[in-house]
Amino acid sequence: MADPGPILRDLADESRELDDLVSEARWSTPTPAKGWTIAHQIAHLAWTDAKSLIAVRMPDEFPAEVQRALATGDDFVDQGARELAAKPRDELLAMWRSGREELARELARVPDGQKLPWYGPPMSAASMATARLMETWAHAQDVYDAIGLRREPTRRLWQIARFGVRTRNFAFSVHGLAPPAEEFRVELSGVDGEEWTFGPADAGQRVNGSALGFCLVVTQRRHPADTDVVAIGPDAEKWLEIAQAFAGPPGAGRKAGQFA
């Protein structure tokens with residue numbers, strides 16, 4: 001099983017960078033996510049960390065948590081963000097900071113091989129840590145876009161790219177589609193001239209492009225048409241249309257040309 005330690009360190013670094021970014025930002029600045037300000041982005045991360053803590057500490061009670069969420073409607077994630085975004089700035093920041101640190105400590109103590117419940121498929125501690133890294137990176141992208149800043153890719157993208165590949169079948173399933181039987185080959189240009197590859201080298205269907213572009217697509221922060229990511233094969237093309245590394249109902253994503 002994967003060791004969550006290095007992933008948790010990446011998550012801490014990603015969180016600190018976002019923390020520094022929002023410390024000087026206008027809390028009410030609109031972001032590309034419809035109806036969400038910077039406050040909503042941080043509120044969502046704090047909300048999800050709190051739900052993750054329930055999954056780690058009280059796994060037997062998490063199915064009831066899922067049912068309560070679904071009973072409120074498909075927009076339960078937005079509802080959680082709205083509720084916490086209404087808190088005073090300092091209170092919300094303190095909640096996010098303490099919650100993410102508490103979650104990191106708990107994930108580091110999860111026994112090897114134990115699966116944790118979630119709104120999607122159950123996950124190991126390493127997978128949950130990667131999911132938190134992916135979400136932190138993705139919501140940070142919304143903040144960068146909102147304030148008009150560009151950020152440089154880091155090696156932390158490898159974890160997100162790998163997670164995006166591993167959630168391929170989930171993306172098909174959440175759209176009511178049967179996942180393809182064959183694996184795809186994914187070849188990405190990483191940082192510092194590296195090539196990151198996933199899947200069999202002789203696969204008939206492939207996805208090529210930059211690691212940054214791929215991560216933006218699987219987190220639905222960019223429409224595939226606005227990136228350098230290219231699919232070869234009908235199933236691979238469909239995957240780029242519906243790719244979704246995060247749990248929950250299908251996301252709205254971004255429109256073609258929005259970030260051309």
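**Aromatic rings and the nonpolar core**

Good morning. In this predicted model, the charged end of Arg-222 sits over the ring of Phe-259, 3.8 Å from the ring centre.

The structure holds 9 aromatic pairs. One of them joins Trp-47 and Tyr-119, which are stacked, with 6.3 Å from centre to centre and 15° between the planes. Trp-47 belongs to helix H2, whereas Tyr-119 is in the loop between helix H5 and H6, so this pair ties together parts that are 72 residues apart in sequence. Are these two residues buried or exposed? Trp-47 counts as buried, because its relative accessibility is 13%, below the cut-off of 20%. Tyr-119, at 18%, is buried as well.

Another pair is formed by Trp-158 and Phe-198: the ring centres are 6.2 Å apart and the planes are at 35°, so the pair is tilted. Trp-158 lies in helix H7 and Phe-198 in strand S2, so the pair links parts 40 residues apart in sequence. Here Trp-158 is partly exposed at 30%, while Phe-198 is buried at 9%.

Finally, the core. The largest nonpolar core has 75 residues, and Val-22 and Trp-239 are among those with the most contacts inside it. Helix H6 supplies the largest share, 12 residues. Beyond its neighbours within four places in sequence, Val-22 is in contact with several residues, including Trp-27, Ile-38, Leu-93 and Val-143. In soluble globular proteins, nonpolar side chains tend to be buried together. Thank you.

How values were computed. Residues are numbered from 1 along each chain as its sequence is written. This is a predicted model: local features need pLDDT of at least 70, side-chain atom pairs count only at pLDDT 80 or more; totals for chains, interfaces and linings use all residues. Side-chain values use heavy atoms; hydrogens and water are left out. A nonpolar core is a set of buried Ala, Val, Leu, Ile, Met, Phe, Trp, Tyr and Cys residues joined through side-chain atoms within 4.5 Å. Buried means under 20% relative accessible area, exposed over 50%, partly exposed in between (1.4 Å probe, protein chains only). Helices (H or I, at least four residues) and strands (E, at least two) are DSSP runs, numbered from the N terminus. Contact means heavy atoms within 4.5 Å. Rings of Phe, Tyr and Trp (its six-membered ring) pair if their centres lie within 6.5 Å; planes under 30 degrees apart count as stacked, over 60 as edge-to-face and the rest as tilted. A charge sits over a ring if NZ of Lys or CZ of Arg is within 6 Å of the ring centre and within 35 degrees of the ring normal.
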